[in-house]
Amino acid sequence: MDFWREIFMALSRNKLRTFLTGFAISWGIFILIVLLAAGNGIINAIGEEFSDQSRNVYTLYWGETSKPFKGHGTNRAIYFNDKDIRFLETEAKHVDQVSPSSYFSGTAIFNDKSNNIFVNGVRPVFKDINNVKMLEGRFINVQDEKNSEKYIVIDKTLRDKLFGEGVSPLGQFIIINNMAFNVVGVCEAERHSDGGESYIPFSTLKSIKRISRYWRLSFTVKGLETKEENEAFTHYLRTQLAHLHEFDPDDTSAVYIGSTQEEYLQTMKIFRTFELFIWIIGFAMLISGIVGVSNIMRITVKERTNEIGIRKALGAKSRSILASIVTESLIITTIFGYIGMWLGMIAAEVGGTILAKVQEGKEISLNIVPSIDIRIVLMATALLIVCGVLAGFFPARNAVKIKPIEAMNYR
């Protein structure tokens with residue numbers, strides 16, 4: 001009890017010194033959290049704005065051979081089939097999500113209105129792969145695909161022409177080539193044309209059209225971070241497809257392989273550069289806080305050198321004096337460190353709310369929502385606390401080594 005009473009008396013007796021030490025810690029943590037939260041918010045907003053460029057997407061299109069190969073002539077059409085899908089899903093390196101595509105065209109009818117339509121049979125992952133933006137309702141889901149449901153997602157162009165601008169078509173049935181489809185969602189128009197774009201489950205398209213050949217395969221890849229890696233993967237992919245369909249691997253006309261690798265790599269480079277900038281600034285702020293705490297603790301111990309000499313002359317052991325100073329540092333850094341942490345988190349939340357209000361209703365705006373990784377916040381706070389304690393420990397250790405008579409006469 002005497003030990004703790006002595007510590008709290010020292011803290012209360014030197015209120016200004018205690019406040020300055022605590023303020024340096026709180027300010028360092030506060031600025032670090034606000035900076036990281038704002039940086040994460042900007043990164044997330046940019047990622048959302050350019051989400052179509054934040055994935056490495058490959059698309060395979062059918063083509064025609066331009067070279068004879070193993071008895072096959074030229075101008076032979078190469079269509080995809082279930083073997084290609086199985087290869088991509090089970091054997092191909094780096095491939096993540098896969099969606100085959102096929103389509104038919106026709107006329108969509110609702111009441112007395114009609115319009116040309118392209119009906120694409122796709123899997124649910126097509127939405128994420130091709131960044132289909134939903135305006136209303138939902139996209140095709142796994143259950144629709146499993147049960148071959150006659151559900152359809154139409155684009156905004158078709159909705160406006162069949163139902164009227166802004167009128168919700170959800171739950172309504174449209175007739176396409178004498179087949180009824182239930183509208184479950186509305187998406188942004190993919191093409192700027194008179195024909196409406198629409199999506200139905202791939203299994204539904206296969207069952208009603210009895211198709212076994214597909215004109216397009218789309219898929220995302222993982223682990224390809226450089227241009228060289230992407231080029232090697234493209235070569236590997238063309239070689240494997242050539243083996244499956246028996247065409248010359250050097251025949252680039254047989255299968256067209258397109259990718260967003262250039263846009264993806266550029267976007268990733270921007271993200272990494274911005275993240276590095278945020279971390280450099282954040283680290284600089286943390287170092288600034290540590291230096292500030294260290295200086296204050298050094299001055300604090302220097303001011304108390306006379307006191308340390310008197311206490312040693314009265315019989316206090318060096319270990320007890322050192323323990324009391326280190327405990328004072330621990331109390332100050334812990335209390336004010338967590339005050340700064342909570343104030344930073346509150347400021348980030350309030351800032352996010354204000355930004356959301358400011359951006360509300362604007363046609364063009366980045367959806368900047370500050371976000372905080374609590375693990376990083378706790379680690380940064382703990383680091384500053386440890387540094388604050390060490391900043392008090394080393395000067396105090398040097399001070400207690402001085403002889404009592406020298407400490408009492410220290411100026």
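The model is predicted, so local features need pLDDT of at least 70 and side-chain atom pairs count only at pLDDT 80 or more, while totals for chains, interfaces and linings use all residues. Residues are numbered from 1 along each chain as its sequence is written, and side-chain values use heavy atoms, with hydrogens and water left out.

Of its 411 residues, 41% count as buried, meaning under 20% relative accessible area with a 1.4 Å probe, protein chains only.

Next, select helix H8, residues 227-245. The 19 residues of H8 should span 27 Å at 1.5 Å a residue, which agrees with its end C-alpha atoms being 27 Å apart; the expected span is 1.5 Å times one less than the number of residues. Colour the buried residues of H8, among them Phe233, Leu237, Arg238 and Leu241.

Now select Arg238, which is buried yet has no salt bridge (a side-chain nitrogen of Lys or Arg within 4 Å of a carboxyl oxygen of Asp or Glu). Which side chain of opposite charge is nearest to Arg238? That side chain is Asp251, 6.8 Å away; Lys and Arg count as positive and Asp and Glu as negative, with His and the chain ends not counted.

Finally, show the residues in contact with Arg238, leaving aside its neighbours within four places in sequence: Phe247, Pro249, Asp251, Thr252, Val255 and Ile257, where contact means heavy atoms within 4.5 Å.

Technical notes: Helix = DSSP H or I, 4+ residues; strand = E, 2+ residues; numbered from the N terminus. Buried < 20%, exposed > 50% of the residue type's maximum accessible area, 1.4 Å probe, protein only.
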